[in-house]
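Have a go at each one before reading its worked solution.

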2 protein chains.
Amino acid sequence: MYTSVVTGGAGFIGSHLCEYLLSKGERVIAVDNLGSGNMDNVKGMLDDDNFSFIEHDVREPLKIGERVDFFYHLASRASPSDFGRYPIEIMMTNSVGTYNVINVALENKARFLLASTSESYGDPDVSPQPETYWGHVNPVGPRSCYDESKRFAEALTMAFIRRQGLDGRVIRIFNTYGPRMRPDDGRVVPNFITQALSGKPLTVYGDGSQTRSFCYVSDLVRGIYLMMHSNAKGMVVNLGNPDEMTVLELARKIKDMTGSPSEIVFKPLPENDPLQRRPDIARAKALLGWEPEVSLEDGLKRTIAWFRERMNKKGRGP
Amino acid sequence: MYTSVVTGGAGFIGSHLCEYLLSKGERVIAVDNLGSGNMDNVKGMLDDDNFSFIEHDVREPLKIGERVDFFYHLASRASPSDFGRYPIEIMMTNSVGTYNVINVALENKARFLLASTSESYGDPDVSPQPETYWGHVNPVGPRSCYDESKRFAEALTMAFIRRQGLDGRVIRIFNTYGPRMRPDDGRVVPNFITQALSGKPLTVYGDGSQTRSFCYVSDLVRGIYLMMHSNAKGMVVNLGNPDEMTVLELARKIKDMTGSPSEIVFKPLPENDPLQRRPDIARAKALLGWEPEVSLEDGLKRTIAWFRERMNKKGRGP
């Protein structure tokens, strides 16, 4: 029986990954400081004997107390709305935190997977972005706490692979959506859904012509698992959905699917907001045989249903 | 009387900076772990009552024990020849080390100056590079341990300025040369000088058509001081010499100036070696009234004299 640690295991993607690993018959240990993660996300797993939860901040050295085969390192605030509030925490989590997790992986002779991000590409001047693209990031801009610290984590992973023989690999996660996103996440899908469901105006930044590609979380989690179990030491692989649409199209779609009377309103584009972001997934296809399977229609349906249930339970706006 | 801390104070640039600050009548505390720094560089200052040396690795929390006005944060291995050997140490020095030094600066309500680098621009696709250029860096390449960790340090400095009111500022140092460079530094000036003085072939990587601009260390140190004492909170300023020459031209000049019989030989260009690097110093001129004053001829003369003396003392190759 394999044992996997998922840092950030109480987060949006982390908790889905934990469930997926349990469904594969693995022992799963979620580690989370509950900064942006939430016990609600893991409560359905707490009764499972194969599941443990450790409340811990990876900025402090990590002890697991049992033999581990796989470290999935997802811990980090990732919401744009947190970049302004928690930049130092984000930077230290991605630097010292990554260092600490890698060291436990080395002690265990375990595989290590770094969850990096399409933010590594910054505001790209090529589209779609292949893994060989070096990116276009403002090192001193307001988003740099996240972009630069994820790039740092990638570089650190590579340094450990080169110098200490770490069996490491890096994924760059593009926009992902699904149940358990935080309503105040600052990202466009939960923003639009909660606005639509509560009858508030859907806020589009800029003219809405900037494009995004949206991957449903179950597709992503399957890709992460395949990456961990592939012969991909030292590799960087994009995981995301290459189907591109404009933010305005998405707003209209969500307005339609929720049957919301909300208006769509336009606000100024924040500084350094990327104008396009779309993965080239040729490498994931070739290496992992992976590509997204869930249509945007289906994924949004499930996500809207989750947000609707959540809002009904709370008897108020999300 | 001002008190300044210079991390990396036993390094090439750090030790010159310490001497300059002493000459300005300041109390100076050099902090260095002697990883790439060397006590030889500071031994001339040890008799000065205004000078103290603390052997300390900034990856560990720093205590100074007296009130400090200015923190010059230069600590980090910076030699390309160290990138392959010490990538993890370099990355943790620039991340945790910078975090630790900033925290002591905040406790002291002191000014903080980060010594960043032209490596932040990576392999630039614009020339000369203004501070507004975002750079072209491979996040997972063999040089990324240095480039990405310096970009991280810049982003961290900005995060502390924005969130905690740090009185911080960033300089990006371009190629600098002068006495006290390590002969095995891996950089082109000490390489060529030691090769020429010992009658070995001068090794040019690639065809030698890549350009560099070389700033003499006394010019640089004056610029660093001016930056610290200017009203530049939150600013990034290039410090370097915009006079560009090809590496091959430099090899020929050093061969001539040393009267060396050495041949010039060509070797393959290392991966991700920048093909051009030249500062746009308009901002330094406007903000600091600074520009380099020492001619390449003069600077090389002094540097060659220093290397020659050092080799004669040792009675062997450097």
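**Exercise 1.** Does helix 7 of chain B pass helix 9 of chain B in a right-handed or a left-handed crossing?

*Solution.* Keep in mind that this is a predicted model.
- Start with the geometry: the axes of helix 7 and helix 9 of chain B come within 11 Å and cross at roughly 60 degrees.
- As for the hand, helix 7 of chain B goes past helix 9 of chain B in a right-handed crossing.
- The residues in contact include B:Leu250, B:Ile254 and B:Met257 from helix 7 of chain B, and B:Leu300, B:Ile304 and B:Arg308 from helix 9 of chain B.

**Exercise 2.** Work out how many residues of helix 5 of chain B are buried, and what covers them.

*Solution.* 
- Helix 5 of chain B spans residues 188–197, and nine of its 10 residues are buried.
- Among them are B:Val188, B:Pro190, B:Phe192, B:Ile193 and B:Ala196.
- Now look for the cover: it includes strand 7 (176–177) and strand 8 (202–205) of chain B, along with the pair from Exercise 1, helix 7 (247–258) and helix 9 (296–314).

**Exercise 3.** Find how chain B can be laid on chain A, and what relation that is.

*Solution.* 
- Turn chain B by 180 degrees with a shift of 0.0 Å along the axis, and it lies on chain A with an RMSD of 0.0 Å.
- That is the relation of a two-fold axis.
- Next, check the interface: 100% of the interface residues of chain B are also interface residues in chain A, so the copies meet through the same surface.

**Exercise 4.** How do helix 4 of chain A and helix 4 of chain B cross?

*Solution.* 
- Both helices cover residues 144–164, and their axes come within 9 Å and cross at roughly 155 degrees.
- Angles over 145 degrees count as roughly antiparallel, so helix 4 of chain A is roughly antiparallel to helix 4 of chain B.
- The crossing of these two helices is left-handed.
- A:Ser144, A:Arg151 and A:Phe152 are among the contact residues on the chain A side, with B:Ser144, B:Arg151 and B:Phe152 among those on the chain B side.

How values were computed:
Residues are numbered from 1 along each chain as its sequence is written. Chains are lettered from A and ligands numbered from 1 in the order in which they are written. This is a predicted model: local features need pLDDT of at least 70, side-chain atom pairs count only at pLDDT 80 or more; totals for chains, interfaces and linings use all residues. Side-chain values use heavy atoms; hydrogens and water are left out. Copies are superposed by least squares on the C-alpha atoms of residues with pLDDT of at least 70 in both. Contact means heavy atoms within 4.5 Å. Buried means under 20% relative accessible area, exposed over 50%, partly exposed in between (1.4 Å probe, protein chains only). Helices (H or I, at least four residues) and strands (E, at least two) are DSSP runs, numbered from the N terminus. Axes are lines fitted to C-alpha atoms, for helices over the stretch in contact, and angles run from 0 to 180 degrees between N-to-C directions. A crossing is left-handed if the near helix is turned anticlockwise from the far one by less than a right angle, and right-handed if clockwise. Angles under 35 degrees count as roughly parallel, over 145 as roughly antiparallel, 65 to 115 as roughly perpendicular and the rest as oblique.
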